[in-house]
Amino acid sequence: MESIGVLMACPMNSYLEHELEKRFNLFRFWTVPEKSAFLATNKNSIRAVVGNSSAGADAELIEALPKLEIVASFSVGLDKIDLAKCKEKGIRVTNTPDVLTDDVADLAIGLMLAVLRKLCESDRYVRSGKWKKGDYKLTTKFTGKRVGIIGLGRIGMAVAKRAEAFSCPISYYSRTEKPEIKYKYYPSVVELAANCDILVVACLLTEETLHIVNREVIDALGPKGVVINVGRGPHVDEPELVSALVERRLGGAGLDVFEHEPEVPEELFGLDNVVLLPHVGSATVETRQAMADLVIGNLEAHFLNKPLLTPVV
Amino acid sequence: MEHHQERSDHRSQDLPQVLVIKPPPVLTLFEDKFISSKFQLLKAWESTLPLDQFLTKYAGSVRAVLCSGASPITADIIRLLPSLQLVTTSGAGVNHIDLSECRRLGIAVTNAAGVFSDDGADAAVGLLIDVLRKVSAADRYVRNGLWPTKGDYPLGSKLGGKRVGVVGLGGFGLAVAKRLEAFGCTVLYNSRTQKPSVPYPFYSTVFELAADSDALIICCGLTAETRHMINREVLLALGRQGVIVNIGRGAIINEKEMVECLVRGEIGGAGLDVFENEPNVPEELFGLDNVVLSPHRVVFTPESFVAASELAVGNLEAFFSNKPLLSPVIYE
């Protein structure tokens, strides 16, 4: 398979790069000085693209690669891939579901605890020597807080299961109600926000879910409410979120994703009621390895004409 | 003026006296519940007299004392309170009370352990996730503007599937265990005695527990047996990837040895809410990214403080009306 050209869209994992290089003719797109010239030269040898949450395969790239057969994403989200175009051209698409569910759900709870109990802020308090001068303030109880989940897929369900162990009542919004689920359903995100203390974004990013957390939702959540985003930055209207936090119209936020990563609105840096993470939802040694193995497994299966492991298209 | 003062003195003289040597946090924050018409507080800290003179002069007939970690009830103090029958502490810990002296003299002790279990467990899990997933360190990274310049943050470690050793399976320990199960952790424990009704594997020593665990959560109280129970030997058994979380008392861990292990990379990380000599924290820890530090506050929320104050009042009321105490400390 060494002659098969695989284009890696951006740096994502050195183990994955290494494994791809062992098996295929790997092209690292980010090292190419002149992208259009590179594509023109190599278009006939590239049969696969490996993308992730930052870069995938948009219509332009797909059009530039006439021999493209498969896009394997090192992520579960597919918002950087033009799925319609892939379907149109018969290009297969795979992602990495399940293996990262636990990590993302763990992080969502970790963010809730960090925001409500001010873990990062009190760590700063101690490191700066302020504890010697006076006690830190009280923080807010997490157990029993109402958790509202947007999107009750694998990750949403995993968040719910964990939050239940903290006696948190669970409610959710989803495109359709799930009658077999015992949690309370709300037919709109605004109603969900009005009836919970902590709102968690755990759905996929699509045209419908763009800015699903907007001004109206933030107002409904209110000055004691907390937004937790482990989905995608564009799920939240970021300027609205920032001004709500700065003006204390929203109680707090735990954010793992942002609209223009790696740029994070600097107005947030001075706030003690936010926790800001550099998109680490699935960023553990164990899970990234499992994700990489799944990408390799899918590519090998495809080129050996075997059934794909985790196909989306 | 005088007449008014006389009247209020006369009224308060009917109320049962409760001695307070130093105000516990619960009094400073929620004094209403105590200034109510229920008790006459003898406030030793407001007097210019040294403590022993204050006690001799005013506390001869006092039957109950309200305290906290800030005002230890030692054998010497008990000796100056010949009528003492109840010690009510506003927090969970009782290591500041001479329990054997109380037991000898038939003095009842009440605390507020149950009230803080949820908050303590939430804090322990929060600290564990923070250390494993580098939450505070990565938050610092973002706030320092390093994400655009230095790129992705180093990978953390998955919580699911980890073997977590809970040290002390009382109210705090059980609450921690229940939560960890939901994350897919395997819970193991060490306690003074094995508890046949729990499903978790029991280890008779902390060393054996550490050797078989990926993380240790300290949830027990400080006693003569548990002082410096977590030492270098136990930490080395926990190992280079091991994480320790302490929401008990600083002195349960040999702090000097723990700091050495952390600095040398002999254990993987630590989440600490308590220290041997608060509010002093070993400065070697400030430079470490695999350590999360908390100023002995992470178990405290307004909700649990209100509950603790209600429990303290409830215990005092029960005592003065000869009813069973709500949360007596059982001597084992």
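Modeller: Start with a term. A salt bridge is a side-chain nitrogen of Lys or Arg within 4 Å of a carboxyl oxygen of Asp or Glu. Keep in mind that this model is predicted.

Now take chain A. Its domain assignment gives domain 1 (5–95 + 286–304) and domain 2 (100–276). The C-alpha centres of these two domains lie 32 Å apart. Where they meet, seven residues of domain 1 of chain A touch six residues of domain 2 of chain A. About 660 Å² is buried between them, and carbon and sulfur atoms give 61% of that area. Which residues of domain 1 of chain A lose the most area to domain 2 of chain A? They are Val76(A), Asp79(A) and Thr287(A), together 65% of what that side buries.

The rule finds one salt bridge across this interface. Asp79(A) forms a salt bridge with Arg232(A). Their closest N and O atoms are 3.1 Å apart, so the pair falls within the 4 Å limit. By class, the side of domain 1 of chain A that touches domain 2 of chain A has two nonpolar, four polar and one charged residue.

A UniProt record also covers this chain. An unreviewed entry lists residues 16–312 of chain A under "domain: D-isomer specific 2-hydroxyacid dehydrogenase catalytic". That span is 36% helix and 14% strand, with its end C-alpha atoms 20 Å apart.

Twelve residues from domain 1 of chain B and seven residues from domain 2 of chain B take part in the contact. The buried area there is about 780 Å², with 59% from carbon and sulfur atoms. On the domain 1 side of chain B, Asn95(B), Gly114(B) and Ser304(B) lose the most area, together 54% of what that side buries.

How many salt bridges cross the interface of domain 1 of chain B and domain 2 of chain B? The rule finds zero. It does find five residue pairs in polar contact, both at pLDDT 80 or more. Helix H7 (113–133) and helix H14 (302–320) of chain B each supply at least two residues of the domain 1 side. H14(B) gives the largest share of that side, four residues. The classes there are six nonpolar, six polar and no charged residues.

Last, step back to the two chains. The contact takes 59 residues from chain A and 57 residues from chain B. Arg127(A), Trp131(A) and Leu138(A) supply 17% of the area that chain A buries against chain B, more than any other three residues. Eight salt bridges are counted between chain A and chain B. Asp135(A) forms a salt bridge with Arg297(B), where the closest N and O atoms are 3.6 Å apart. The side of chain A that touches chain B has 29 nonpolar, twelve polar and 18 charged residues.

Key. Residues are numbered from 1 along each chain as its sequence is written. Chains are lettered from A and ligands numbered from 1 in the order in which they are written. This is a predicted model: local features need pLDDT of at least 70, side-chain atom pairs count only at pLDDT 80 or more; totals for chains, interfaces and linings use all residues. Side-chain values use heavy atoms; hydrogens and water are left out. Contact means heavy atoms within 4.5 Å. Buried area is the accessible area (1.4 Å probe) that two parts lose on being put together, summed over both. Ala, Val, Leu, Ile, Met, Phe, Trp, Tyr, Cys and Pro count as nonpolar, Asp, Glu, Lys and Arg as charged, and the others, Gly among them, as polar. A polar contact is a pair of N or O atoms within 3.5 Å; within protein, one must be able to donate a hydrogen and the other to accept it, and residues adjacent in sequence count only if both atoms are side-chain atoms. UniProt positions are given in the numbering used here, feature names are shortened, and annotations may be inferred rather than shown by experiment. Domain bounds come from an automatic or database domain assignment.
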